[in-house]
2 protein chains.
Amino acid sequence: MSGKTFSSVWLREPRKPASPGRSRQEIVKAAVELLDEEGLDGLSMRKLGAKLSAGATSLYWYVANKDELLELVYDEVWGKMRVPDPAEVGWREAVLVLAHSMRQVILDHPWSAELIGRLPALGPNALHVANEMRAMFKQAGFKGPDTDYAIATLTAFIFGMTIPEVAWNSKSGTPELDPEEMHAVLGQIFARYPHMREGYELSQRENPRVVREVAFDFGLVSVLDGLERRLPT
Amino acid sequence: MSGKTFSSVWLREPRKPASPGRSRQEIVKAAVELLDEEGLDGLSMRKLGAKLSAGATSLYWYVANKDELLELVYDEVWGKMRVPDPAEVGWREAVLVLAHSMRQVILDHPWSAELIGRLPALGPNALHVANEMRAMFKQAGFKGPDTDYAIATLTAFIFGMTIPEVAWNSKSGTPELDPEEMHAVLGQIFARYPHMREGYELSQRENPRVVREVAFDFGLVSVLDGLERRLPT
DNA sequence: ACCTGAACACCGTTCAAGT
DNA sequence: ACCTGAACACCGTTCAAGT
């Protein structure tokens, strides 16, 4: 009869909101630990159950399915972001701090990168960040829908820069891999693409970690400058 | 002894480069069809084997593992992007066309959104696009590493805007879901966040598809304006 | 050179049954 | 109200064996 409703953990009452013992909180905490240690593939309902010395399927009493669990841990990550008050530090400084903090939190919890854009961000922490971000852009002088476009643009940039960075870290970092050989192999790949080869050679001369920092800053001020031009005069 | 090397399909010689019959090409084509029909979760080695009327495990002769197969289909998607010649149409027009085309291709093949940032883009099609993109920014006047920062910024924006758009489409589109109820539920969620509520109400007045188009355009010109300011004078 | 089937070690989820 | 174990329907991947 009634159509299937938009589903998300945040739309369902948790069972026993403040019960002692095993609870959503405990489960989420254990899940985050497991994720930090073993990554997204390392989290299975069975392993998590074991970690809580519970039957593999006990968790299904607290959570409808694995996706709901992921929504919960995803929101944890939003809770770690620093949200300065734009009225105190100015809108541009507030945005800069938030942006760097978002990047850092994702780098600290690489599994969250794969969750972005796969899960809706409707948890209280995510909403709080979104709300404050909107306050920052209103403080800057944006009106009406432009405020939302500006938010979307900035978050797109932050996530779009950071997600590939995480992927790169996990690819190049994990196995002991011979830098010489890798360099030879990549050099060979780029050989046929003249423009790219120059870029590759340039990037080789620097520490990759600082290159990515610099790239992030370069992009961030560019985006903010571009947005600022859209302010009503 | 020698460390594990950076692994990617593109670094291994394909078996029988141009053999008739079952081949990488056939496999990739079938895989893309399966993905378009059933999405990323719908692609399994067994199903793909069946579709090719082959044993489930025959594919392992052409491809080392599923990730390699995904790298191959991912590069297919890069092959669909329109790459205008900046010398003909001007750098800014070229970038605009490419950006819109990248967005559209991802919307057309939603499964590709989840692959971005999970897989390295080292296929010939991806490299070609990257190479041409670099040509566009050099044409604009960028020098040295700034060229790469500009590329990174623009692609971050494009992917960062489009990935969540795909997620939203698949969440809100698939089930028959009551718009009234959804509106009520979201309204309730946003009630506690004053800034966000305004944004939500504004967005409700428009067709969501055109809202996202407009947001993309707004962000795109902002990003390009911001980058342009970084050009040497 | 290519393909197969059986087997291994996993998954998420359901559900009747226990306390 | 909470937890369990067995069971179902899947996975990706390995490998000895076939032609």
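Colleague: Hi! Picking a spot to start: which residue does Lys29(A) form a salt bridge with?

Modeller: Lys29(A) pairs with Glu33(A), and their closest N and O atoms are 3.7 Å apart. By salt bridge I mean a side-chain nitrogen of Lys or Arg within 4 Å of a carboxyl oxygen of Asp or Glu. Please keep in mind that this is a predicted model, where local features need pLDDT of at least 70, side-chain atom pairs count only at pLDDT 80 or more, and totals for chains, interfaces and linings use all residues. Residues are numbered from 1 along each chain as its sequence is written, chains are lettered from A and ligands numbered from 1 in the order in which they are written, and side-chain values use heavy atoms, with hydrogens and water left out.

Colleague: Got it. Where do Lys29(A) and Glu33(A) sit relative to each other in helix α1?

Modeller: They are four residues apart in helix α1 (residues 24-38) of chain A, so about one helical turn separates them.

Colleague: Let's zoom out. How many helices and strands are in chain A?

Modeller: Chain A has eleven helices and zero strands. Both are DSSP runs numbered from the N terminus: helices are H or I with at least four residues, strands are E with at least two. The C-alpha trace of chain A spans about 60 × 55 × 40 Å along its principal axes.

Colleague: Now the pairing. How many residues of chain A are in contact with chain B?

Modeller: 67 residues of chain A are in contact with 67 residues of chain B, where contact means heavy atoms within 4.5 Å. The area buried between chain A and chain B is about 5700 Å², and carbon and sulfur atoms give 71% of that. Buried area here is the accessible area (1.4 Å probe) that two parts lose on being put together, summed over both.

Colleague: Which three residues supply more of the area that chain A buries than any other three?

Modeller: Those are Phe6(A), Tyr149(A) and Phe218(A), which supply 12% of the area that chain A buries against chain B.

Colleague: What is the count of salt bridges between chain A and chain B?

Modeller: There are eight salt bridges between chain A and chain B. Asp225(A) and Arg230(B) meet in a salt bridge through their side chains, at 2.7 Å from N to O. There are also 16 residue pairs in polar contact between chain A and chain B, both residues being at pLDDT 80 or more. A polar contact is a pair of N or O atoms within 3.5 Å; within protein, one must be able to donate a hydrogen and the other to accept it, and residues adjacent in sequence count only if both atoms are side-chain atoms.

Colleague: Which element gives the most to the side of chain A that touches chain B?

Modeller: That's α8(A), with 16 residues. By class, the side of chain A that touches chain B has 38 nonpolar, 14 polar and 15 charged residues. For these classes, Ala, Val, Leu, Ile, Met, Phe, Trp, Tyr, Cys and Pro count as nonpolar, Asp, Glu, Lys and Arg as charged, and the others, Gly among them, as polar.

Colleague: What rotation superposes chain A on chain B?

Modeller: A rotation of 180 degrees with 0.0 Å of shift along its axis does it, giving an RMSD of 0.0 Å. The two copies are thus related as by a two-fold rotation axis. The superposition is by least squares on the C-alpha atoms of residues with pLDDT of at least 70 in both copies. Also, 99% of the interface residues of chain A are interface residues in chain B as well, so the copies meet through the same surface.
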